[in-house]
Amino acid sequence: MRNNIIDIAKGIGIILVVAGHSMEWPKNFIYLFHMPLFFFLSGYCYNREYSNNIYSIKILFIKRIKSLYFPFIKYGLIFWALHNFFYKINIYSYPEVWSHNKMTYFYTYQDWIRSFVGIITFSRLEQLLNTFWFLPALFCTTILFAIIVLFLKNELIRCNVIFMLFFLCCNIGISENKFLRILTIVSLALISFYMGFLMRMYVKNIIYNKYIFLISLILLCANSLYGYINVSNFDFSSPGFYIVSSVSGIYFILYLSNNIKNSKCNKIFILLGKNTISIMALQYLAFKIVSAVIIFIYDMSWTYLSYPTLFYGTLWDIIYCIIGVIIPILISIISTILLNYVKRILKCFSI
């Protein structure tokens, strides 16, 4: 599986993430596999050499600090600084709309400090960054997996330990205790991560078969009607249901990616795949543009801007999804151009 297939799969995956947050009808279908897909792709890209010794794990730790912790801090502090501004313009005005999130109030001095500490300790999310739970989850999953591979050389023992941890956490369930909450979600992520690792280690060529693809699609459609998966809440119909759904979804996306790689639109998906964190960070903010247009057209109260989306379950869902992908990409491209321009200017002055 070449790297462009990985990027294409990530591109499809991030579109599904945005669609899952903005569109009603495919939500159950998408949630069956979109997050397992990202953990699988991360596991596939995992370099076995990171588990050679403790020093290698230290190198991996530093790399993940740069690729996962720094983006968390960057976007976290930007949204932290804008918190009260967002509150004043009604984005954070309705606590009941975001009942799962406690940061719907106007920050006081103590709140600023508490929120700042939470961000730099990789443990607190601003409201519009609620999808960023994925970054610390992937960070912990990667480091834990590296330690498991380092100390457990036998593949069978390694497999048993990972699945035992998963089934143990299924009995624990989600908890308000932060440590247990992280452990349960990481145990779930480890399953998909390990699948990706095994795929790279032992499968030289993936068989892309249209009949297997159709079977995967049928399973996903059926499972979307009779079950559910929510990785961030460690909530799913059963352990077997999670495994079957995630495997089906991963194959489904890889098959599509393999077909897209030789098409004219492959560069679009590759671009999306290389900007997943930016899209993840800015999608909800981009949704506000669509909401503002709706409010203006229908002469609604601006307090409705606080809702994640408006007219959920209508054709507006599609517009939300499109804008939720396009705007973050444009911002990312413009930011990169400006940053490179500033670097060139500074380089000229340094000479």
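This is a predicted model: local features need pLDDT of at least 70, side-chain atom pairs count only at pLDDT 80 or more; totals for chains, interfaces and linings use all residues.
The buried residues are His34, Met35, Pro36, Leu37, Phe38, Phe39, Phe40, Leu41, Gly43 and Tyr44.

## Aromatic pairs and a cluster

The whole structure contains 40 aromatic pairs. One of them joins tyrosine 46 and phenylalanine 145 in an edge-to-face arrangement, with 5.3 Å from centre to centre and 90 degrees between the planes. This pair links distant parts of the chain: tyrosine 46 lies in the loop between H3 and helix H4 (54–81), phenylalanine 145 lies in helix H7, and the two are 99 residues apart. Tyrosine 46 counts as buried because its relative accessibility is 2%. Phenylalanine 145 is buried as well, with a relative accessible area of 0%.

Tryptophan 133 and phenylalanine 134 form another pair: their ring centres are 6.3 Å apart and their planes are at 85 degrees, so this pair is edge-to-face. Tryptophan 133 and phenylalanine 134 are both buried.

## Salt bridges

Two salt bridges are found in a search of the whole structure. In one, arginine 114 is bonded to aspartate 111 by a salt bridge whose closest N and O atoms are 2.7 Å apart. Both residues belong to helix H6, and because they are three residues apart, about one helical turn separates arginine 114 from aspartate 111. Arginine 114 counts as partly exposed, since its relative accessibility is 46%, whereas aspartate 111, at 10%, counts as buried.

The other salt bridge is between arginine 158 and glutamate 155, with 3.0 Å between the closest N and O atoms. These residues are three apart in helix H8 (residues 155–172), so about one helical turn lies between arginine 158 and glutamate 155. Arginine 158 and glutamate 155 are both buried. In an α-helix there are 3.6 residues a turn, so residues three or four places apart point the same way.

## Positive phi angles

Most residues other than glycine have a negative phi. Asparagine 90 has a positive value, with phi near 80 degrees. Asparagine 90 is placed in the loop between helix H5 (83–88) and helix H6 (109–120).

Phenylalanine 234 also has a positive phi, near 50 degrees. The loop that holds phenylalanine 234 runs between strand S1 (229–230) and strand S2 (235–236). With 8% relative accessibility, phenylalanine 234 counts as buried, because the cut-off is under 20%.

## Nonpolar surface patch

A nonpolar patch on the surface is formed by Ile289, Val293, Phe296, Ile297, Tyr298, Trp302 and Phe311. Together these residues have about 730 Å² of accessible area.

Phenylalanine 311, one of the patch residues, is located in the loop between helix H13 (276–297) and helix H14 (316–350). Its relative accessibility is 34%, so phenylalanine 311 counts as partly exposed.

Methods: Residues are numbered from 1 along each chain as its sequence is written. Side-chain values use heavy atoms; hydrogens and water are left out. Patches are made of residues with over 30% relative accessible area and no salt bridge: like charges are joined within 9 Å, nonpolar side chains (Val, Leu, Ile, Met, Phe, Trp, Tyr) within 5 Å. Accessible areas come from the Shrake-Rupley method with a 1.4 Å probe; for residues, only the protein chains shown count as cover. A salt bridge is a side-chain nitrogen of Lys or Arg within 4 Å of a carboxyl oxygen of Asp or Glu. Helices (H or I, at least four residues) and strands (E, at least two) are DSSP runs, numbered from the N terminus. Buried means under 20% relative accessible area, exposed over 50%, partly exposed in between (1.4 Å probe, protein chains only). Rings of Phe, Tyr and Trp (its six-membered ring) pair if their centres lie within 6.5 Å; planes under 30 degrees apart count as stacked, over 60 as edge-to-face and the rest as tilted.
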